[in-house]
Amino acid sequence: MGITNTEYFLLFVVSYLFVGVLTPVMRKIAIATDVVDRPNSSHKSHKKPVPYLGGVAIIIGVITVSYSASLFSQFTSSTFWLATSVLGPALLLGLIGLWDDIKNLPPLPRFIAQTLAGVFTASILIITDNIGNPTGSSIFDSIITVVWIVGICNSINFFDNLDGGAAGTVAISSIALAYLALNGDQYLIAALSVVTAGSTLGFLVWNKSPAKIYMGDAGALFLGVLLATLTVRFEPTAQTQIGSFMIPVFLLAIPILDTTVAVLSRIRRHLSPFQGGQDHLSHRLIRSGFSRKQSAFILWTLSAFFAGFSMMLSKQFLFNDISVVGIGIVLLVILLFVFFKQRDS
């Protein structure tokens, strides 16, 4: 099964317009039902309540466009169920996130739910033999998959702490993943990535600074599981095994870096890793003198930079995969050091 460039473009445009139109509708619903993010904690930087439910618009957009496209294309029933194996767990986490947005769940039950969803997703992918980069050991494949899905799910959720920061970064990662998947003839992953990119950019119109609506945990957890599952399913074409394993890491390097910096900072200060704080990359950039808009742009630029690294690993260059991986890791370590030099909250 192939998808033409025109069809990919239509998927992107329809997703963008659909979510772009639906988001202000969800904003009105959030205000009417009082599902808002109030600045009632020290780690929240906004001054006035901001409506949630932007994530619901993203969820509806991704699922509606994805399944509608399957009805008007040559997708087979097996492809339909493969898409469901990706979208189903993401929807489950999105609903848990929505529950959290409405009821404000404590961190532990939320983490347990994410872990169970990770185990569920890993089981489906391993049983159906749909995992890229198998290590040859079902045990290691299972552990890596669960850790990756839970880790990325939390990373995107943690990273959603700046107007437009998470939405723009997810869009950039999705576009890069679509490019990689398209070059590897992995049409389903490419199509879902294009839909994800279009949906997040449609939401970004309303989420950029100053944000009129937030995606909330519903959107962050949905996108986290969706990206984690797509990257697990993706089969890289890198020259070496380490290059193949590092492609997904570089695709999501900035959310991973953000989580690493925040968690290590909290542990160092004897705080719970799940406690909110002003210790994310965005907060450190703002404390360095950048505006919120500038901070978002810097994070988008860094995300695009490392997404470029991931694309380099899939091509034949003058240097091998090990060289690119080494350069990328050194840059990540330097960034980690620079951001730790900034004052903790």
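Which residues have the most contacts inside the largest nonpolar core? I looked this up first, bearing in mind that the model is predicted.

**Entry 1, the core.** I found that the largest nonpolar core has 85 residues. Those with the most contacts inside it are Ile 58, Met 215, Phe 222, Leu 226, Ile 254 and Phe 306. Helix H8 (residues 216-233) supplies the largest share of this core, 11 residues.

I then listed the contacts of Ile 58, leaving out residues up to four places away in sequence. Ile 58 touches Val 19, Ser 199, Phe 203, Met 215, Phe 222 and Leu 223.

Ile 58 is among the buried residues of H2. I noted others there, including Gly 54, Gly 55, Val 56, Ala 57, Ile 59 and Gly 61. I checked the length of helix H2 (residues 54-71) as well: at 1.5 Å a residue, its 18 residues should span 26 Å, and the end C-alpha atoms are 26 Å apart, which agrees.

I repeated the check on helix H7 (residues 187-207), whose 21 residues should span 30 Å; the end C-alpha atoms are 29 Å apart, which agrees. H7 is mostly covered, with 17 of its 21 residues buried.

**Entry 5, the surface.** I recorded a nonpolar surface patch of about 580 Å², made by Ile 139, Phe 140, Ile 143, Ile 144, Val 147 and Phe 245. Helix H5 (residues 138-159) gives the most to the patch, with five residues.

Note on methods: Residues are numbered from 1 along each chain as its sequence is written. This is a predicted model: local features need pLDDT of at least 70, side-chain atom pairs count only at pLDDT 80 or more; totals for chains, interfaces and linings use all residues. Side-chain values use heavy atoms; hydrogens and water are left out. Patches are made of residues with over 30% relative accessible area and no salt bridge: like charges are joined within 9 Å, nonpolar side chains (Val, Leu, Ile, Met, Phe, Trp, Tyr) within 5 Å. Accessible areas come from the Shrake-Rupley method with a 1.4 Å probe; for residues, only the protein chains shown count as cover. A salt bridge is a side-chain nitrogen of Lys or Arg within 4 Å of a carboxyl oxygen of Asp or Glu. Helices (H or I, at least four residues) and strands (E, at least two) are DSSP runs, numbered from the N terminus. The expected span of a helix is 1.5 Å times one less than its number of residues. Buried means under 20% relative accessible area, exposed over 50%, partly exposed in between (1.4 Å probe, protein chains only). A nonpolar core is a set of buried Ala, Val, Leu, Ile, Met, Phe, Trp, Tyr and Cys residues joined through side-chain atoms within 4.5 Å. Contact means heavy atoms within 4.5 Å.
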